[in-house]
Amino acid sequence: MITADVSKLIEQLNQYHLDAVKRMENMVRGFTYEFAMIAIDNTPLGDDEKYAALYKRRTYLQPIAGFAQGSWQVPVDMKGSLDQQDLYSGSAALSAIKTHMLNYTLGETFVLGNTGPYITQLNEGYSDQAPEGITKPTIDQMLAAYKVNLLRYYKQ
């Protein structure tokens, strides 16, 4: 009878599995953060002086620019829907996305979206700052960069 102690192999395989899962979760987190950063950069930023009268008419929002950029988000619990958030800068939205992505576990499905009430018009080219909208240039930029960046995120 031949016997073999495979306990060390099993331990190594379990460790490899944990490491691979952690690395793949980092890939998703990094990709999502970069995707959000590009989407925010492609989202037009208003002008406090030029559109002051319009901003003052928004009774449910602060009368300042930046709401469209600040509305990019992922669900807080990775399971729920997106709610309107009261952020007025892209950097604040990115920070919130990074924090919420800490809750991500491999295999979960989530969305990156924008709940701003006029995001559809901006995406349809309503703004001179984004005549092609937001989605198309964002996806084009991500497709150009994803191969290089995914490997980088995996190695982190």
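Keep in mind that the model is predicted.

Let's start with the helix pair. Two packed helices are described by the angle between their axes and the distance between the axes. Here the two partners are α1, residues 7-42, and α4, residues 90-101. They pack at an angle of about 165°. Their axes are 10 Å apart. How do α1 and α4 run, roughly parallel or roughly antiparallel? Angles over 145 degrees count as roughly antiparallel. So α1 and α4 are roughly antiparallel to each other. And the handedness? The crossing of α1 past α4 is right-handed.

Now, which residues make the contact between α1 and α4? On the α1 side, look for Val28, Arg29, Thr32, Tyr33, Ala36, Met37 and Ile40. On the α4 side, look for Gly90, Ala93, Leu94, Ile97, Lys98 and Met101. By type, this contact has nine nonpolar residues, two polar and two charged.

Hold on to Arg29, which sits in that contact. It leads to the next topic.

Salt bridges. Side chains of opposite charge can pair when their charged atoms come close. How many salt bridges are there? The count is three.

Take Arg29 again. Its partner is Glu25, and their closest N and O atoms are 3.9 Å apart. Both are in helix α1, four residues apart, so about one helical turn separates them. Are Arg29 and Glu25 buried or exposed? Both are buried.

Stay in α1 for the next pair. Asp19 and Arg23 form a salt bridge through their side chains, at 2.9 Å from N to O. These two residues are also four apart in helix α1, about one turn. Asp19 has a relative accessible area of 31%, so Asp19 is partly exposed. Arg23 has 23%, so Arg23 is partly exposed too. The cut-off for buried is under 20%.

For the last pair, move to helix α6, residues 135-155. There, the side chains of Lys136 and Asp140 meet in a salt bridge, 2.8 Å from N to O. Lys136 and Asp140 are four residues apart, about one turn of the helix. Lys136 is at 47% relative accessibility, so Lys136 counts as partly exposed. Asp140 is partly exposed as well, at 37%.

To recap. α1 and α4 are roughly antiparallel, with a right-handed crossing. Lys136 and Asp140 pair up in α6.

Conventions. Residues are numbered from 1 along each chain as its sequence is written. This is a predicted model: local features need pLDDT of at least 70, side-chain atom pairs count only at pLDDT 80 or more; totals for chains, interfaces and linings use all residues. Side-chain values use heavy atoms; hydrogens and water are left out. Axes are lines fitted to C-alpha atoms, for helices over the stretch in contact, and angles run from 0 to 180 degrees between N-to-C directions. Angles under 35 degrees count as roughly parallel, over 145 as roughly antiparallel, 65 to 115 as roughly perpendicular and the rest as oblique. A crossing is left-handed if the near helix is turned anticlockwise from the far one by less than a right angle, and right-handed if clockwise. Contact means heavy atoms within 4.5 Å. Ala, Val, Leu, Ile, Met, Phe, Trp, Tyr, Cys and Pro count as nonpolar, Asp, Glu, Lys and Arg as charged, and the others, Gly among them, as polar. A salt bridge is a side-chain nitrogen of Lys or Arg within 4 Å of a carboxyl oxygen of Asp or Glu. Buried means under 20% relative accessible area, exposed over 50%, partly exposed in between (1.4 Å probe, protein chains only).
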